[in-house]
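Good morning, everyone, and thank you for making time for this.

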Amino acid sequence: MNITFIGGGNMAAALIGGLIGKGYAATGIRTVEIQAEARARLGAQFGVICVDSVNAAVPLGDVVLMAVKPQQMRVAALALRPRLQRELVITIAAGIRTVDLSRWLGGYVTVVRCMPNTPALIGAGITGMYANAGVDADQRALAESILGAVGATIWVPEESLLDPVTAISGSGPAYVFYFIEALQQAAQEMGFSAADAKMLAVETFVGTARLAAQSPEDVAVLRERVTSKGGTTESALASMAADRVKDSIVRALHAANERAHELGEQLGADG
């Protein structure tokens with residue numbers, strides 16, 4: 001497989017590193033990046049070919065992965081438009097719908113839209129994926145192998161479901177960090193040093209997430225097993241229930257989902 005990345009930011013670097021780690025040849029990867037410093041960094045780190053424009057990426061290869069910021073996507077697509085022939089186009093830009101990207105690409109329909117999250121930077125991401133009607137089974141498998149290099153993948157049957165993917169897993173790391181911050185703060189208020197408070201909070205999250213991932217049981221069952229009647233956990237959960245913490249979290253996720261839809265409308269209105 002030969003692949004051209006449009007954009008050489010953190011997520012592109014994570015994908016390049018993941019692909020090379022899975023055995024893909026660095027010589028088959030090209031990166032279009034306008035910033036000289038970023039080109040030098042990617043070339044030194046991964047040994048990939050780095051160029052400053054789409055026209056300099058010859059050939060494009062089997063796949064073009066668009067990893068520019070959403071606000072830059074239209075300009076990047078217009079530059080790519082005259083070069084496309086039979087390549088699979090993958091976009092990881094949040095909020096850019098396939099109908100809008102296809103329009104900017106001159107009606108090109110071989111497009112897969114993906115929503116990864118930042119744990120992909122350490123190979124532990126989760127990516128929601130949607131393929132439009134112009135993508136065949138082999139190309140779907142190819143797209144899955146690329147995003148699968150940095151974590152788990154899930155296909156959604158309708159593109160509209162990528163908005164809740166954005167709300168839950170795309171933005172999700174921020175919610176987890178937020179809860180870790182609360183655990184750290186409480187631990188420090190109870191007398192722990194900042195370093196020890198961080199260790200207690202982070203390792204609790206890491207271990208609990210692993211337990212949830214490896215257990216065949218529902219997380220509600222796992223929670224109940226930790227909650228002894230009349231114990232400390234029950235007291236804490238009762239306080240959260242009184243403050244309607246779960247309801248607040250669910251309401252916040254719905255707000256994020258609505259905002260994801262609004263951003264798609266706004267970004268697609270350009271051009």
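I will go through a pair of helices, then a surface patch, and then the salt bridges. Please keep in mind throughout that what you are looking at is a predicted model.

Let us start with the helices. Two packed helices are described by the angle between their axes and the distance between the axes. Here the pair is helix α7, which covers residues 172-189, and helix α8, which covers residues 194-214, and they pack at an angle of about 135 degrees with their axes 8 Å apart. That angle makes α7 oblique to α8, because an angle counts as roughly antiparallel when it is over 145 degrees and as roughly perpendicular from 65 to 115. As for the hand of the crossing, α7 passes α8 in a right-handed one.

Now stay on α7 for a moment and find Phe179, which lies in this helix. Phe179 has a relative accessible area of 34%, and it is therefore partly exposed. Together with Leu183 and Met240, Phe179 forms a nonpolar patch on the surface, and the accessible area of these three residues together is about 220 Å².

Let me turn to the charged side chains. How many salt bridges does the count come to? It comes to seven, and I will show you some of them.

Please find Arg97, whose side chain meets that of Asp100 in a salt bridge, at 2.9 Å from N to O. Is Asp100 buried or exposed? Asp100 is buried, because its relative accessible area is 4%, whereas Arg97, at 22%, is partly exposed. The side chain of Arg97 also meets that of Glu265 in a salt bridge, this time at 3.0 Å from N to O. This pair links distant parts of the chain, since Arg97 sits in the loop between β5 and α4, while Glu265 sits in helix α11, 168 residues away. Glu265 has a relative accessibility of 39%, so it counts as partly exposed.

In helix α11 we also find Arg259 and Glu262, which are three residues apart, or about one turn of the helix. Their side chains meet in a salt bridge at 3.2 Å, again from N to O. Arg259 counts as partly exposed at 38% relative accessibility, and Glu262 likewise counts as partly exposed at 38%. Finally, there is one network, in which salt bridges that share partners join Arg97, Asp100, Arg103 and Glu265.

Methods:
Residues are numbered from 1 along each chain as its sequence is written. This is a predicted model: local features need pLDDT of at least 70, side-chain atom pairs count only at pLDDT 80 or more; totals for chains, interfaces and linings use all residues. Side-chain values use heavy atoms; hydrogens and water are left out. Patches are made of residues with over 30% relative accessible area and no salt bridge: like charges are joined within 9 Å, nonpolar side chains (Val, Leu, Ile, Met, Phe, Trp, Tyr) within 5 Å. Accessible areas come from the Shrake-Rupley method with a 1.4 Å probe; for residues, only the protein chains shown count as cover. A salt bridge is a side-chain nitrogen of Lys or Arg within 4 Å of a carboxyl oxygen of Asp or Glu. Helices (H or I, at least four residues) and strands (E, at least two) are DSSP runs, numbered from the N terminus. Buried means under 20% relative accessible area, exposed over 50%, partly exposed in between (1.4 Å probe, protein chains only). Axes are lines fitted to C-alpha atoms, for helices over the stretch in contact, and angles run from 0 to 180 degrees between N-to-C directions. Angles under 35 degrees count as roughly parallel, over 145 as roughly antiparallel, 65 to 115 as roughly perpendicular and the rest as oblique. A crossing is left-handed if the near helix is turned anticlockwise from the far one by less than a right angle, and right-handed if clockwise.
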